[in-house]
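Subject: Handover of the two-chain model

Hello,

Please find the structure below. My notes on its pocket, cavities and chain contact follow it.

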Amino acid sequence: MENEAGALSRVANLFSARGYNIESLTVAPTDDPTLSRLTLVTYGNEQIIEQIVKQLNKLIDVVKLIDLSETDAIERELMLVKTRAVGEQRAEMKRLADIFGGRVLDVTDATYTIELTGAGSKLDNFLRAIEKDAILEVVRSGATGIALGQKALHA
Amino acid sequence: MELITGAEILVRCLKDEGVEYLFGYPGGAVLHIYDALYVQEDVKHILVRHEQAALHAADGYSRACGRPGVALVTSGPGLTNAVTGIANAYMDSIPLVVFSGQVPTALIGNDAFQEVDAVGITRPCVKHNFLVKDVTKLAETVKKAFYIATTGRPGPVLVDLPKDVTIAKTEYHYPKKIKLRSYNPTVKGHAGQIRKAVDLILSAKRPMIYTGGGVILSDGSPELIELTQLLGYPITNTLMGLGAYPATDRQFVGMLGMHGTYEANMAMHHCDVLIAIGARFDDRVTGKLDKFCPTARIVHVDIDPSSISKNVKVDVPIVGSVPNVLRAMISVIRDEKLRSDSEALAHWWRQIDEWRAVKSLSYRHSNEVIKPQYVIEKLYQITEGKAIITSDVGQHQMWAAQYYLFDRPRQWINSGGLGTMGFGLPAAMGAKFAFPDEDVACITGDGSIQMMLQELATMKQYQTPVKIVNLNNGYLGMVRQWQEFFYQKRYCMTYFESLPDFVMLTEAYGHVGMRIEKPGDVEGALREAFAMKDRTVFLDFVTDPSENVFPMIPSGGGQSEMLLAERDEMVSTHHEGMVLL
Ligand SMILES: Cc1cc2nc3c(=O)[nH]c(=O)nc-3n(C[C@H](O)[C@H](O)[C@H](O)COP(=O)(O)OP(=O)(O)OC[C@H]3O[C@@H](n4cnc5c(N)ncnc54)[C@H](O)[C@@H]3O)c2cc1C
Ligand SMILES: Cc1ncc(C[n+]2csc(CCOP(=O)(O)OP(=O)(O)O)c2C)c(N)n1
Ligand SMILES: [Mg+2]
């Protein structure tokens, strides 16, 4: 999108006004200072997705749009989890974090703060794998993604 | 180069853009702009009496002549008053450029005096909007605004101007052309799709052409007429599309939809190929979606991809502008000497003529009480079908659409998408500015007219004589009709226990007022009114309060489930229908 004030609200507005779902939304500047990149995860049947794509393309601030679910793409999301970690829990929590390729960023005598990246489903699996009561706080960045291969999104 | 203020730049931009009229209303935030307007004569400012009217007048002007309408309002209440007019233009895809004053940039976000978030409030009802924070970007932004408003699917664009930007100085340079990397409407249709469409169109046994506002917006009427006559197919128009094809021609089967003719809706329902052109499959047209054109394969020509397959899945989509696409279709047919199935077509026409013979627009005449339909028929005769007609919203609007036969585009001006009561009078004024020498009549109702009545003063000031045809039934008739049918005649808040004396009221504004109570006086009054070329005349016709609009497809009904006047004792609607409007 154009890196303009109001561009993000146009997108958010469109979704709420037309009753589309937003599962997650991330936006950040790119290497080109006039552009920012917005990644949005939504769901709906084929007709709804088609309308969402068309409506987004209609926004003057949207420069290019790709549906990553239609190409081979990598999805990545960052998660920070603060867990309870006392007694025997401590070793178990560390082991699970290792299995999922996570890192322990902060340690207190009662907690761990773990960093994890991966596709959203992997992060979900981690949360399912650890004891529910142990979760104190979860922060997720929302998904971003990029197409595989030589194809690149340019203005 | 000379340095000039933002306000002066704005006025120079308007001049360079060829803007004739600016409809507006002053206030603190736009004082600099008004000061710049004071010292020039190129752009004529029309001082309305309410900002909503400025928008409707600019809108009526644009619908009448095709050029963009331009309006100027102050910050805060000026802008909020304008919002209805902006939304109205948005729903009907009318190109407007609206300038609003804003508090100085340094005060934005401080709850300053007369501050509202104009860009935020209007975002859902504009094609695009801008907040100009730097005077050096002003001219370019104005150019973008006009470009976006008038190209692709047209629509209103708002430019919000903080007061300090109108005071700051810079050099003036108005770009001749503008290119936006993220906006590039497709005008030319895809050749392969056009070829596919032509094949499907010519294979039809029971074809139907369904066209809408897009034909009028794109001035595509000549191409539509040529294609329709080349094919010999029946054609129907939406409420927004009336006039694109001459209503007096035999191939025209009338308007379709909720209050469309029997033959139009039956032909839609039974067609095997539907050719939709610049129409958006609105719910007033489709009725219940799963009963819409059940046997048809559909071609859809529209400049806006998001209009295509939004409500109804189509078989051959063509993104492009009407005149371009139709010209391409005509060439394919002519160059390759392609033919339609004339035998099947003759059979289809026989069927349509049977539906026509039902005469779904017939109504019971009366010698005692004025029937509203009769007033429109007489208006049609006396103006020889040539007047520009604007309308408000309600039963009178439907009767206008049904009984005035529009033979040319831009002759019929009404609020379809938003259905804004109060639109008719200021729109008529706008149309009169566009065509001072044409007869302009505003067909209105006792409810609607009271929403923008103050504009009678503007019309006096600028001498824009319009004939106001008030179908005074004492009711919010359209709502009363629904209460009669669907709420067991519980007429809650639809009867006016008090109405003004419209004759005196009009005279107070310096115009001519007439009250007509007998059917025998209708014609004479209309003749008298139209003979007064340079006067605005308010014709207050006291009409049958119990008259209803027929045919009618109740909400939730399918196209073939029409109620015809007097013949069908109503009425229950499906529960599903009740949740629809
Ligand atoms: C009380 C009331 C009753 C109503 N009853 C009826 C009724 O019975 N029947 C009826 O038809 N309507 C009725 N309406 C109107 C209805 O609400 C809609 O406004 C109308 O049906 C929409 O008309 P349309 O499909 O022509 O679309 P428009 O709103 O005119 O849209 C135009 C379409 O053309 C496209 N377009 C624009 N420019 C171009 C171009 N250059 N090339 C190609 N395409 C282009 C646009 O993208 C859009 O899809 C009623 C309204 C009111 C207030
Ligand atoms: C601004 C606005 N408010 C409310 C409505 C809902 N509405 C639609 S038609 C109608 C009645 C219009 O009454 P009138 O102008 O007298 O016309 P009639 O139907 O009697 O011909 C109303 C209230 C509307 N369309 N617009
Ligand atoms: Mg009324």
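This is a predicted model: local features need pLDDT of at least 70, side-chain atom pairs count only at pLDDT 80 or more; totals for chains, interfaces and linings use all residues.

The volume of the second largest pocket is about 1200 Å³. It is lined by 40 residues, and those closest to its centre are Arg37(A), Leu38(A), Thr39(A), Ile66(A) and Leu68(A). Five elements of chain A give two or more residues to this lining: α1, β2 (36-41), α2, β3 (73-84) and β7 (144-147). The biggest contributor is β2(A), with six residues.

The contact between the chains

Chain A puts 20 residues into the contact, and chain B puts in 19 residues. Together the two chains bury about 1600 Å², with 43% of that area on carbon and sulfur atoms. On the chain A side, Arg10(A), Lys54(A) and Ile60(A) account for 39% of the area that chain A buries against chain B, which is more than any other three residues supply.

Two salt bridges are counted between chain A and chain B. One of them joins Glu2(A) to Arg181(B), with the closest N and O atoms 2.8 Å apart.

Which elements of chain A each supply at least two residues of the side that touches chain B? They are α1 (7-17) and α2 (46-58). Of these, α2(A) has the largest share of that side, at six residues. By class, the side of chain A that touches chain B is made up of five nonpolar, seven polar and eight charged residues.

The cavities

There are two cavities of 30 Å³ or more in the structure.

- The largest cavity holds about 130 Å³ of space. Its lining consists of Arg63(B), Asp92(B), Ile94(B), Gly213(B), Ile216(B), Leu217(B), Met240(B), Arg410(B), Trp412(B), Ile413(B) and Asn414(B). In chain B, α9 (213-217) and β16 (412-413) each supply at least two of the lining residues, and α9(B) has the largest share with three residues. The class count for this lining is six nonpolar, two polar and three charged residues.

- The second largest cavity holds about 60 Å³. Around it are Ser360(B), Leu361(B), Ser362(B), Tyr363(B), Gln373(B), Trp399(B), Gln402(B), Tyr403(B), Glu547(B), Asn548(B), Phe550(B) and Ala565(B). Helix α16 (residues 395-403) of chain B gives the most to this lining, with three residues. Here the classes are six nonpolar, five polar and one charged.

If you want to start from one place, the centre of the second largest pocket is marked by residues including Arg37(A) and Leu68(A), and the salt bridge named above is found at Glu2(A) and Arg181(B).

Regards

Notes
Residues are numbered from 1 along each chain as its sequence is written. Chains are lettered from A and ligands numbered from 1 in the order in which they are written. Side-chain values use heavy atoms; hydrogens and water are left out. Contact means heavy atoms within 4.5 Å. Buried area is the accessible area (1.4 Å probe) that two parts lose on being put together, summed over both. A salt bridge is a side-chain nitrogen of Lys or Arg within 4 Å of a carboxyl oxygen of Asp or Glu. Helices (H or I, at least four residues) and strands (E, at least two) are DSSP runs, numbered from the N terminus. Ala, Val, Leu, Ile, Met, Phe, Trp, Tyr, Cys and Pro count as nonpolar, Asp, Glu, Lys and Arg as charged, and the others, Gly among them, as polar. On a 1 Å grid over the protein atoms alone, a cavity is a set of points where a 1.4 Å probe fits but cannot get out, and a pocket is an open set with protein on both sides within 12 Å along at least five of seven lines; lining residues have an atom within 4 Å of a point. Grid points are joined across faces, edges and corners, and a volume is the space filled by probe spheres set on the points.
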